[in-house]
Amino acid sequence: MSLRCFRTLQVGLFIGGLALGLARSQDDKGAKFSMATSERWKGATWWPTKGEPSFREYVGPGACTRCHAEIAASQEITPMFNAARRPLDSKFLQAHPLLSFSDETYHYSLAAGPKETKFAIQDKSNAFAGTVGWVFGAGEFGQTFVLRQDDSFLESRLSYYPSLAGLDITPGHKAEAPATIAQALGDVVDRETIRRCFGCHSTASTVSGNFDPEHAILGVTCEACHGPGLQHVVATTATASYQGTAGTIFNPQRLSPVDSVDFCGACHRTPVDVAVFMPRHMGISTIRFQPYRLERSLCWGASGDPRITCMACHDPHKPLVHDLTAYDSKCLNCHAAPGSPPSSNLASVCQVGTKDCASCHMPKYEIRWVHGTFTDHFIRIVRPGSGYPE
């Protein structure tokens with residue numbers, strides 16, 4: 001490890017340790033400061049990606065549909081629900097059964113067959129291939145392929161990008177050609193990292209403390225956020241109503257602001273997760289960690305504000321709303337409407353615009369290597385030419 005990396009790690013651990021120490025002094029209303037997801041797992045309640053419950057405690061999204069048909073139908077078309085698929089169930093691979101990519105050293109082909117999908121590589125004298133086990137990502141920005149070789153998991157060096165209608169380097173992988181053709185297929189992912197990857201792209205991939213992706217429920221389904229549903233299903237079946245079902249399922253809507261944002265941050269990265277586990281200077285890549293960016297906002301306050309949590313603006317049961325005007329009403333929960341005087345709980349009205357608040361105060365930035373444009377959730381006054389703030 002270089003000296004710079006070591007110092008970065010020291011700073012990150014100090015910040016994270018300070019936040020964790022403060023977070024432990026919490027009251028019944030919830031944590032006062034962000035916590036690391038690994039610390040959240042130690043709590044008695046359910047938390048996303050927590051792998052303690054057994055597989056038999058999960059009932060699958062079909063069981064939820066019987067009582068929550070409308071919500072389930074909407075959630076099934078969200079990117080979260082479609083965050084992972086087997087290759088044979090991937091609409092993207094069905095639409096693009098053969099793709100190719102070449103760099104100065106290797107030629108790649110991704111071929112979807114009736115039984116399996118192969119990632120094949122050739123150079124001047126050798127050939128190498130692997131079988132795709134899972135497709136990660138709903139495809140809004142891209143899709144990455146996970147391969148399994150014996151007891152190892154590989155993240156493919158190439159991903160599919162809809163904006164290119166083709167393959168390119170996966171974020172985090174070097175553009176330079178790897179030294180060997182075997183390495184060119186992808187990077188081996190360590191056990192803890194792959195567990196977290198599956199934990200955020202599937203449901204019940206770690207059960208009873210054991211990582212078991214072969215039997216996971218693919219996609220972020222009901223129980224990924226609400227916890228295992230067997231107890232709840234049994235209770236509702238026995239009572240034929242919701243009476244007596246209190247405490248049988250987890251409801252994230254009841255969380256305090258800090259807990260709520262950390263809850264989503266289990267996959268989208270809490271501020272402490274970024275401080276402890278991510279490099280200190282990631283630059284514009286941090287825009288993809290919405291909880292981290294949101295809590296940098298001045299209006300977040302000392303212990304958060306229920307009006308600007310993730311779920312205050314986004315319904316996880318519905319597809320993301322892309323019409324910025326639809327968010328204006330959310331902004332007016334905190335700011336006075338045009339023509340109205342400020343009050344004790346409403347900030348002054350914007351002096352520049354009257355609609356599409358997010359277009360100015362939550363600007364979009366392009367991440368070139370991801371081939372996509374992302375909204376910055378750091379809410380602020382953006383000065384012309386100010387660039388991307390760290």
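Biologist: What makes β5 and β6 a hairpin in this predicted model, and how many residues lie between them?

Modeller: The pairing runs over 4 bridges in the antiparallel sense, and two strands count as paired if DSSP finds at least two bridges, so β5 and β6 (residues 143-149) qualify. There are 6 residues between the two strands of this hairpin, and in the turn Gly137 has a positive phi of about 110°. Across the pair, Val132 stands opposite Leu147 in β6.

Biologist: Why is β1 called a partner of β5?

Modeller: Strand β1 (residues 84-85) and β5 (residues 127-136) have 2 bridges in the antiparallel sense; at least two are required, so they count as a pair. Arg85 stands opposite Val135 in β5.

Biologist: Turning to α8, which residues are buried there?

Modeller: In α8 (residues 230-239) they are His232, Val233, Ala235 and Thr236, each therefore under 20% relative accessible area.

Biologist: What makes them one face of the helix?

Modeller: Viewed down the axis of α8, the buried residues fall within an arc of 165°, so they line one face. They pack against α3 (61-65).

Biologist: Which exposed residues does the face turned away from the buried side carry?

Modeller: That face of α8 carries Gln231, Val234, Thr237 and Ala238. They are called exposed because each is over 50% relative accessible area.

Notes: Residues numbered from 1 in each chain as written. Predicted model: local features only at pLDDT ≥ 70, side-chain atom pairs only at ≥ 80, totals over all residues. Heavy atoms only, no water. Buried < 20%, exposed > 50% of the residue type's maximum accessible area, 1.4 Å probe, protein only. Arc of directions from axis to C-beta. Contact = heavy atoms within 4.5 Å.
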